[in-house]
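Me: I would like to learn how to read a structure, one feature at a time. Please give the general idea and then the case in hand.

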Amino acid sequence: MRSLGKVHSLRVSGRYILVFGLFLLFFIVVSIIVINRYVDLYIENEALLEENVKLSRLVSDHRLKAQLANQYQLLIEELNQFDPPSEPASAKKVLAQQQAPATATPSKKASQKIPVVKQTVKRPPASSKKPLVDVSELILRTDEASQNLRFSFNLRKISDEIDLVSGYMIVILENHKVSPAALATFPASIKVVNGVPTNFRRGQQFAIRHGKIVKGIIHKVSDAKAFTKATIFAYSFKGELLLKKSIAVADAKKSS
């Protein structure tokens, strides 16, 4: 028969308890170090993300400012090229008087109506305007071997009304020794009707504040020395005639 109430005992050595305690202590220390490292990395990552967002905003703002600066510079250049014609001081004064509110002065006869006289400002015709530019020192160089005609002249600003003069430049050479007169144009795509270019926008563009030397070459000219007159046209970008000057080729400097 089995005995009842017998007590069973388990013996654990002190070495085992010591090893287990040391392992548990090591595990707790390592766990704390790992958790602290994870928390530090998480906080550092969040800080880097926030800094990255700030840097992205700064880069976007810098690009936007650079684009605005480029557009502003282009706008300034366009405004310098397309300067509006200045109105006479008298015309501005009359327009200002017409736009200013009328101040009524007390009168003895209040019922009497005062007739209003409309003033009209007459602008001078385009032909009476002072030229903005002028040309001088025309030089022609002929090359009979290649049948080319090179030219150059001095283009200078002679008006102080605007700072920058820009537009299109056209040169027409005429040979009146033959009938009908032979023409040579620069640029070559210019069409001439009754001595006037019809497609001025195909001319050579220019922009000067003081002056410059304009050079060009006319290709395939059969008789480069036969031209008797050179006419130089200058148009604004809006089509206004800035200059029309004819120079006798005999007065030009020739070289070969």
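Reply: Take R156 to begin with: R156 is partly exposed, at a relative accessible area of 30%. Buried means under 20% relative accessible area, exposed means over 50%, and partly exposed lies in between, with a 1.4 Å probe and protein chains only. The model is predicted, so local features need pLDDT of at least 70 and side-chain atom pairs count only at pLDDT 80 or more, while totals for chains, interfaces and linings use all residues. Residues are numbered from 1 along each chain as its sequence is written, and side-chain values use heavy atoms, with hydrogens and water left out.

Me: With which residue does R156 form a salt bridge?

Reply: Side chains of opposite charge can pair when their charged atoms come close. A salt bridge is a side-chain nitrogen of Lys or Arg within 4 Å of a carboxyl oxygen of Asp or Glu. Here R156 meets D134, at 3.3 Å from N to O. R156 belongs to strand β2 and D134 to strand β1, and the two are 22 residues apart, so that the pair links distant parts of the chain. Strands (E, at least two residues) and helices (H or I, at least four) are DSSP runs, numbered from the N terminus.

Me: Is D134 buried or exposed?

Reply: D134 counts as buried, with 15% relative accessibility. D134 and R156 also belong to a network of salt bridges that includes K245.

Me: How many salt bridges does a search of the whole structure find?

Reply: The search finds four. One of them joins the side chains of D163 and R209, at 2.2 Å from N to O. D163 sits in the loop between β2 and β3, and R209 in the loop between β7 and β8, so this pair ties together parts 46 residues apart in sequence. D163 is partly exposed at 49% relative accessibility, and R209 is partly exposed at 36%.

Me: Which residue forms a salt bridge with E174?

Reply: That residue is K229, and the closest N and O atoms are 3.7 Å apart. E174 lies in strand β3 and K229 in strand β9, so parts 55 residues apart in sequence are tied together. E174 is buried, with a relative accessible area of 11%, whereas K229 is partly exposed at 29%.

Me: How do I read the pairing of strands?

Reply: Two strands pair if DSSP finds at least two bridges between them. Strand β1 (residues 133–143) and β2 run antiparallel and are joined by nine bridges. Strand β2 is also antiparallel to strand β8 (residues 211–218), with eight bridges between them.

Me: Why is strand β2 largely enclosed by the rest of the structure?

Reply: Eight of the ten residues of β2 (residues 148–157) are buried, and therefore the strand is largely enclosed. S152 in this strand is buried, at 7% relative accessible area. Contact means heavy atoms within 4.5 Å. Leaving aside neighbours within four places in sequence, S152 is in contact with residues including E137, I139, I213 and K215.

Me: What is a nonpolar core, and which residues have the most contacts inside the largest one?

Reply: A nonpolar core is a set of buried Ala, Val, Leu, Ile, Met, Phe, Trp, Tyr and Cys residues joined through side-chain atoms within 4.5 Å. The largest has 28 residues, and those with the most contacts inside it are V133, F153, L155, L173, F206 and I218. The strands β1, β2, β3 (165–175), β4 (182–186), β7 (204–208), β8, β9 and β10 each supply at least two residues of this core. Apart from it lies another core, of eight residues, among them Y168, F200, F233 and Y235.

Me: Where is G239 found?

Reply: G239 is in the loop between β9 (229–235) and β10 (241–248). G239 counts as partly exposed, at 28% relative accessibility. The C-alpha atoms of G239 and F200 are separated by 7.5 Å, and the two residues are 39 apart along the chain.
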